[in-house]
Amino acid sequence: MKDYERKSQELLSSNQDEQYIELVKSALAEVSDEGLLAKLVGSIYEKKITSGYWLVESYVNKFPNSVHIIRVYLADLWAQQGKYDESSNDARIYLWMLRESGYLGSLSDNPILQEGAARAILLLTAVYTELGARSYSIRVLKQGLKFDLANDWKVCYQNELESLQSELNESKIKVLDAKWEAFFSAGDGLEYVDKCCVDKGYNLLRKRLE
């Protein structure tokens with residue numbers, strides 16, 4: 001079997017992106033080492049090898065229960081494409097897996113999982129903010145601040161909170177937010193929130209709200 005780690009370093013150091021993509025493609029077909037594959041696929045995202053981004057989703061499909069950060073990378077790629085429904089859904093799945101695995105309460109013990117959780121919490125808010133449910137996004141971020149996250153992420157959250165609070169001062173945004181809050185607090189206005197999801201094509205969130 002190929003020494004994938006050594007060969008990957010050679011290709012990355014010489015910027016042979018297309019050859020690196022072929023190497024990772026081959027590794028995903030031949031190797032069962034979840035950690036090694038996460039390292040190989042993660043480099044595609046981290047080094048912005050855009051023509052190989054599809055391999056990020058391939059990894060997630062191969063290891064759907066993995067708590068490696070790759071699912072968060074996929075969520076971020078969805079967000080970059082404006083696919084906030086998919087992005088928030090993958091972020092939610094990742095956070096659920098961290099909780100079920102017992103990692104969410106001890107994030108500082110693993111900086112990579114700590115980074116993954118921080119990114120996922122922020123990405124979780126994307127679809128709600130896009131639909132006008134800013135108060136919900138605010139609650140998610142405030143909850144996120146209770147976790148053991150790196151200081152840089154806490155600053156990022158605080159900045160996002162300030163931005164969301166400022167946007168809520170606009171009357172039109174405030175009205176939309178109030179409709180979502182009525183749904184979250186008492187289940188009122190299901191038709192409205194359902195239509196919001198339908199209009200945007202957010203079927204994953206629509207199913208969750210139902």
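Against which helices do the buried residues of H6 pack?

Mentor: Please bear in mind that this is a predicted model. The buried residues of H6 pack against helix H5 (70-80), H7, helix H8 (126-131), helix H9 (134-144) and helix H13 (203-209).

Let us begin with H6 itself. Helix H6 covers residues 84-101, and its 18 residues should span 26 Å at 1.5 Å a residue. After H6 comes Gly102, which has a positive phi, near 85 degrees.

Next, consider which residues of H6 are buried. They are Asp85, Ser87, Ser88, Asp90, Ala91, Arg92, Tyr94, Leu95, Met97 and Leu98. An α-helix has 3.6 residues a turn, so residues three or four places apart point the same way.

One of the helices against which these buried residues pack is H7. H7 comprises residues 111-124, and Gln114 is found there. Gln114 counts as buried because its relative accessibility is 14%, under the 20% cut-off. Apart from its neighbours within four places in sequence, Gln114 is in contact with Leu107, Ser108, Asp148, Leu149 and Ala150.

Asn61 is exposed because its relative accessible area is 56%, over the 50% cut-off. Asn61 lies ten residues from Arg71 in sequence, and their C-alpha atoms are 9.5 Å apart.

Methods: Residues numbered from 1 in each chain as written. Predicted model: local features only at pLDDT ≥ 70, side-chain atom pairs only at ≥ 80, totals over all residues. Heavy atoms only, no water. Helix = DSSP H or I, 4+ residues; strand = E, 2+ residues; numbered from the N terminus. Buried < 20%, exposed > 50% of the residue type's maximum accessible area, 1.4 Å probe, protein only. Contact = heavy atoms within 4.5 Å. Expected span 1.5 Å × (residues − 1).
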